[in-house]
Amino acid sequence: MDVRVKFLGGAGSVTGSKYLLEIDDFKLLVDCGLFQGMKELRLRNWDAFPIDPATIDAVVITHAHIDHSGYLPKLVKEGYEGPIYCTHATARLMEIMLRDSGKLQEEEAAYARKKGYSRHENPLPLYTLEEAEHSFSQFVSLDIDDTFEVSPNISLRYLYAGHILGAAHVEIEIKGEQQTKKLLFSGDIGRYDNQLLYDPTDVEKADILWVESTYGNKASPETDHKVALKRTILETFDANGCVLIPAFSVGRTQDILLLLAQLFQENAIPNCPVYIDSPMAISVTGLYREFHKLHRLDDEMISKAPVFDHPNFKYVRTQDSSENINTVKRNAIIISASGMCTGGRVLHHLFHRLPRMNDTVIIVGYQAEGTRGRRILDKEPQIRIFGEMVDLRCRVEYIQGFSAHADCNELIRWLKNIKESPKYTFIVHGEKEGAEALAITTSTEMNFNTYIPHYMESFDLFQGI
């Protein structure tokens with residue numbers, strides 16, 4: 001039995017994760033993410049898929065974030081008819097997130113057509129809401145820790161990864177005629193000691209390893225992010241401004257709501273409205289009740305005195321209500337998606353808030369190269385929104401403690417559980433500096449045989465096992 005891998009994404013960038021395994025004639029795709037960020041990356045979403053999707057036998061998804069699952073509707077649209085394996089919580093999250101992705105792409109295509117800022121005469125979405133929903137029938141959801149047979153010679157097991165609700169490491173076992181080999185995909189590794197999610201699972205063995213390197217060169221600051229959040233809110237309110245937090249709908253929004261509820265309870269910040277202006281975040285927050293075994297919140301906080309239902313929290317469900325928030329000039333907090341400011345309702349909030357010197361934008365998560373969020377974080381003097389250049393005059397704060405990704409020390413902590421050096425360790429899902437830093441550490445300190453693969457590069461993993 002021969003085993004090969006081809007890197008169709010998640011190589012040299014923190015986006016578009018797709019790893020094609022060819023196990024003899026069986027083709028298995030691990031993750032199916034959308035490219036985001038820089039234009040040269042986003043254009044890859046429109047390229048013809050490197051192989052005929054109809055020839056793929058199975059797809060395995062590590063978690064629901066769009067850079068790991070967002071290409072699924074296009075893959076199905078172009079002919080993939082097989083199973084899409086994921087955890088139960090990931091299946092529910094993907095239904096929410098892929099619907100949102102299809103809807104956003106339809107809206108952005110329509111807006112570009114109306115405003116005429118696309119180079120295409122009739123700009124079209126990559127896929128529609130209906131096409132996103134069409135992929136749901138192929139979801140096959142599994143329990144974490146259960147072993148599932150994908151084919152007579154291939155089995156998979158999901159292991160708890162933290163990061164977001166339902167996220168998992170993927171262990172794939174291949175039984176050859178002479179040997180059995182374990183392939184381990186880290187997916188995105190969560191933080192240790194997170195207030196919402198449990199620690200990622202310790203894994204002791206991997207013959208081949210794929211490990212993310214988002215923060216491969218960065219340690220999280222020791223600053224208390226709750227204190228930093230409180231300080232920034234108070235300073236903004238003293239300046240008669242509002243706080244805008246672009247936040248990922250899954251995980252980050254719920255982390256922030258939990259801290260805000262605590263700050264209100266402690267009378268550490270004034271009572272004020274907190275607008276949660278993301279339909280997807282509203283839907284996701286409800287899943288914490290359904291999947292209560294996957295997080296640390298106890299029954300008291302979920303059912304009897306629900307932390308997410310604080311009286312100051314205003315869940316904004318309609319577009320008109322969302323636009324009305326633009327009239328609020330002082331002492332309010334707005335949480336809106338997307339987290340990297342690439343689309344969604346946060347755009348019209350940014351359009352109105354960036355020019356206001358009294359307001360503050362708080363960045364609370366990783367901002368990939370080429371995203372609008374990275375440009376705001378870098379404090380570029382003008383930011384393009386809706387085809388117009390908007391002056392950035394507001395205050396911009398970066399509170400790093402909210403990241404859902406393990407930092408460089410936590411990545412090493414997770415890797416040190418592996419008792420023997422894998423045959424290959426592929427450093428993936430990281431920009432150049434992060435990937436190189438993690439590769440140096442793993443090769444020098446742990447004696448791992450590390451590679452940083454390039455986009456579309458292929459490797460022979462085993463021959464004749």
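Analyst: A definition to begin with: axes are lines fitted to C-alpha atoms, for helices over the stretch in contact, and angles run from 0 to 180 degrees between N-to-C directions. Helices (H or I, at least four residues) and strands (E, at least two) are DSSP runs, numbered from the N terminus. This is a predicted model, where local features need pLDDT of at least 70, side-chain atom pairs count only at pLDDT 80 or more, and totals for chains, interfaces and linings use all residues. Residues are numbered from 1 along each chain as its sequence is written, and side-chain values use heavy atoms, leaving out hydrogens and water.
User: Great. At what angle do helix 13 and helix 14 pack?
Analyst: About 40°, with the axes of helix 13 (residues 408-415) and helix 14 (residues 432-445) 11 Å apart.
User: And which residues meet there?
Analyst: Leu411, Ile412 and Leu415 of helix 13 meet Leu438, Thr441 and Thr442 of helix 14, where contact means heavy atoms within 4.5 Å. The residues of this contact are 4 nonpolar, 2 polar and no charged, with Ala, Val, Leu, Ile, Met, Phe, Trp, Tyr, Cys and Pro counted as nonpolar, Asp, Glu, Lys and Arg as charged, and the others, Gly among them, as polar.
User: Which residues of helix 14 are buried?
Analyst: Gly434, Ala435, Leu438, Ala439, Thr441 and Thr442 are; buried means under 20% relative accessible area, exposed over 50%, partly exposed in between (1.4 Å probe, protein chains only). Seen down the axis of helix 14, these buried residues fall within an arc of 165°, so they line one face. The arc is that of the directions from the helix axis to the C-beta atoms.
User: What's on the face turned away from that buried side?
Analyst: The exposed residues Lys432, Ile440 and Thr444. The cover over the buried residues includes strand 11 (208-212), helix 13, strand 20 (424-428) and strand 21 (450-451).
User: New topic: where is the cis peptide bond?
Analyst: Between Ala337 and Ser338, with omega about 15°. Ser338 sits in the loop between strand 15 (333-336) and helix 11 (346-353).
User: What about His163, is that buried or exposed?
Analyst: His163 is buried, with a relative accessible area of 5%, and its phi is positive, near 70°.
User: And Asn267, buried or exposed?
Analyst: Asn267 is exposed, at a relative accessible area of 68%. Asn267 has a positive phi too, about 55°, and lies in the loop between helix 7 (252-265) and strand 13 (274-277).
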